[in-house]
Amino acid sequence: MTTQNELFEKSKKLVPGGVHSPVRSFKGLHTTPRFIKKSHGAMIEDIDGNDYIDFCMSFGPLVLGHKDEDVEKSLVSALSRGWSYGTCEPYSLDLAEYLLSRLNFVDQIRFVNSGTEAVMTALRLARGATKKNKIIKFNGCYHGHTDSMLIKAGSGLAGTSEASSAGVPEGVSEDTLVLELGDVEGIEQCFKDHAGQIAAIIIEPLPANNGLLIQDTSFLQYLRDVTKKNDALLIFDEVISGFRVAFGGMTELTGIVPDILTYGKIIGGGLPVGAIAAKKEIMDNLAPVGNVYQAGTLSANPLAMVGGLETLKKMTTEAYAELNANAEKIISVFTKWLKEYNNGEFAHYSLTGHSSLFWIVSEEGINCMDKIPSDITEKFNPLFKTLLDKGIYLSPNSYEVGFVSLAHNDEVIKELETRLWK
Ligand SMILES: Cc1ncc(COP(=O)(O)O)c(C=O)c1O
C-alpha cells in the first residue's frame with residue numbers, strides 16, 4: 001500500500017511544498033501530513049485506513065460535520081442538473097433570499113468563491129464608496145491572502161507598514177496601517193496622522209486565526225464609534241465567526257453593526273463560497289450598478305449555492321445550542337486530560353473557548369499578539385503528535401483554533417475520552 005511518506009514525497013515533486021495551502025504541510029511538526037481519503041460525521045480516514053476524530057473540520061466550513069446526508073442529497077440532485085452556467089440562475093437567488101431573511105442588518109449580498117475574494121472586494125468597495133485609500137487592520141487578524149492584507153507592523157508604528165510576504169509592493173503596503181488589537185490610543189493617533197485618508201477599519205470581530213483573541217465588546221463598539229466619527233467604514237470579517245457563533249455571527253451576538261461584512265467557510269457548507277454583504281446604498285457601488293468592479297467566472301456556482309443553502313437551513317436556534325453544548329463538553333474533556341496525562345506532561349496547557357471554537361494554549365486571557373507565549377509552537381509539537389497517535393486530529397498549527405461541529409455528539413465525545421485515556 002502507498003504510505004503517507006511516499007505520497008508526500010511524490011506530492012513535493014509536483015506541487016510546491018507538496019501542498020496547495022501552506023498549513024497543510026505540517027511544517028515544524030516533525031511528522032508527515034496525513035492523506036485523507038474519506039470522511040463522515042466527526043471522523044476522517046487516511047489512506048492507510050487510520051481514522052481520526054477531526055477538530056480541524058476543513059478549517060471551519062463543516063459545521064454540520066463531514067458528509068451530512070441532507071447536504072449530500074441536495075448536491076447529488078444539483079449535480080444531475082449541471083454545475084456551471086455563467087448566467088443568472090435560481091440557486092443563488094434562493095440562497096440570497098434565505099440569508100437576507102435571517103441577516104436583518106444587511107439588504108444585499110454578492111457571492112464570490114472564497115473568503116480572500118470577499119475581503120478583496122470589501123476593501124475595494126470601502127475605498128470606492130469613501131473615495132479614500134487607507135485601511136486600518138490589526139496585527140493578529142487574518143483576512144486572506146490579498147496583497148494589502150499581508151502586512152504587519154508593531155504597535156505605535158502606525159503609518160509604517162512592513163509586508164509579511166515577499167511580492168507585496170511597497171505602494172500597496174503603504175496604504176495598510178497595522179495596529180495592535182485593543183490599541184485605542186494608536187487608532188486615535190492614526191486618524192489624526194492620516195486625517196481624511198482612512199477608508200475603513202477591518203477586523204475579525206472574533207479573531208480566530210492567530211489563536212483565539214477574544215475582544216471586549218467595548219472595543220468593537222469603540223471601532224463602530226470612531227469610524228462613524230471619522231467618516232470611515234467598519235468592516236467585520238466574519239469568514240470564521242459568521243454562521244458559527246450565531247447565524248448572524250458576532251454582529252448578531254454583540255448588536256454592533258458594521259458597514260460591510262465578509263463571509264466564507266460555513267456559507268458554502270464546504271464548497272467554495274465567499275460573500276460580501278451590506279446595506280443597499282453601499283452595495284450599489286458595485287458593478288454593474290456602480291463603478292467598483294468585481295466579477296467571477298464561477299461566482300455563485302450552482303452546486304456551491306445549493307450546498308450552502310442546505311447547510312444553513314439546518315442552523316436553527318436549537319442547532320446553535322447543541323453545537324455550543326458539544327463544544328463545552330469537549331473543552332472540559334480536553335482540560336481534564338491535559339491536567340492528568342502522563343503525570344502532568346501537558347498540565348501547563350489550558351483551553352480558551354468561544355461558542356464552538358477552542359484554542360489550546362498555555363495561558364489564559366490572551367487577547368492580542370503581544371501576549372502569545374513565544375514558545376507556543378515548540379510546546380505544541382509533542383501535544384499534536386501525541387493526539388495524532390491517539391487518533392485525534394487537531395488543526396496542524398499552534399496558532400490555529402479547533403472547530404467543533406454538530407457531528408461531535410455525545411457518542412463522539414465518549415470515543416474521544418476512550419482515545420485520550422487509552
Ligand atoms: C477571517 C478570515 N478572513 C478571510 C479568510 C480567507 O478565506 P479563504 O481561505 O476562503 O480565502 C480566512 C481564512 O481562514 C479567515 O479566517
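Author: Two residues are in contact if their C-beta atoms, placed from the backbone, lie within 7 Å. Helices (H or I, at least four residues) and strands (E, at least two) are DSSP runs, numbered from the N terminus. The model is predicted: local features need pLDDT of at least 70, side-chain atom pairs count only at pLDDT 80 or more, and totals for chains, interfaces and linings use all residues. Residue numbers start from 1 along each chain as its sequence is written.

Reader: How do H2 and H10 stand to each other, roughly parallel or roughly antiparallel?
Author: Helix H2 covers residues 69-79, and its axis lies 9 Å from that of H10 at an angle of about 155 degrees. Axes are lines fitted to C-alpha atoms, for helices over the stretch in contact, and angles run from 0 to 180 degrees between N-to-C directions. Angles under 35 degrees count as roughly parallel, over 145 as roughly antiparallel, 65 to 115 as roughly perpendicular and the rest as oblique. H2 and H10 are therefore roughly antiparallel.

Reader: How many nonpolar residues are in the contact of H2 with H10?
Author: From H2 come Asp70, Val71, Ser74, Leu75, Ala78 and Leu79, which meet Pro302, Leu303, Val306, Gly307, Glu310 and Thr311 of H10. Ala, Val, Leu, Ile, Met, Phe, Trp, Tyr, Cys and Pro count as nonpolar, Asp, Glu, Lys and Arg as charged, and the others, Gly among them, as polar. In this contact of H2 with H10, 3 residues are polar and 2 charged, while the nonpolar ones number 7.

Reader: Is the crossing of H3 and H10 left-handed or right-handed?
Author: Helix H3 (residues 90-102) packs on helix H10 (residues 302-313) at an angle of about 30 degrees, the axes being 8 Å apart. H3 is therefore roughly parallel to H10. A crossing is left-handed if the near helix is turned anticlockwise from the far one by less than a right angle, and right-handed if clockwise. The crossing of H3 and H10 is left-handed.

Reader: Which residues of H3 make the contact with H10?
Author: H10 brings Pro302, Met305, Val306, Gly308, Leu309, Leu312 and Lys313 to this contact. The residues on both helices divide into 8 nonpolar, 2 polar and 2 charged. Those of H3 are Tyr91, Ser92, Asp94, Leu95 and Tyr98.

Reader: Which residues of H13 meet H11?
Author: H11 and helix H13 (residues 410-421) pack at an angle of about 10 degrees, with 11 Å between their axes, and are therefore roughly parallel. H11 takes part with Lys329, Ile330, Val333 and Trp337. The contact of H11 with H13 has 7 nonpolar, no polar and 2 charged residues. On H13 the residues are Ile413, Leu416, Glu417, Leu420 and Trp421.

Reader: Which strands stand at the edges of the 7-stranded sheet?
Author: This open sheet has mixed pairing and the order E4-E12-E11-E10-E9-E5-E8. Two strands pair if DSSP finds at least two bridges between them. One side of each edge strand has no neighbour in the sheet, because each has a single partner; these strands are E4 (108-112) and E8 (176-180).

Reader: What is the bridge partner of isoleucine 235 in E11?
Author: Strand E10 (residues 233-237) runs parallel to strand E11 (residues 260-263), and 3 bridges join them. The partner of isoleucine 235 in E11 is isoleucine 260.

Reader: What angle does helix H11 make with E13?
Author: E13 belongs to an open, antiparallel sheet of 3 strands in the order E13-E14-E16. E13 (350-354) and E16 (402-403) each have a single partner strand, so one side of each is left without a neighbour in the sheet. E13 pairs with strand E14 (residues 357-361) over 5 bridges. Helix H11 (residues 317-340) lies across E13 and E14, and its angle to E13 is about 175 degrees.

Reader: Which helix gives the largest share of the shell around the ligand?
Author: The ligand is surrounded by 15 residues (C-beta atom, placed from the backbone, within 6 Å), and among the closest are Ser114, Gly115 and Thr116. By class, 5 of the shell are nonpolar, 8 polar and 2 charged. The largest share, 3 residues, comes from residues 115-130, helix H4.

Reader: Where is proline 288?
Author: A cis peptide bond, with omega about 10 degrees, joins alanine 287 to proline 288. Proline 288 sits in the loop between H9 (280-283) and H10.
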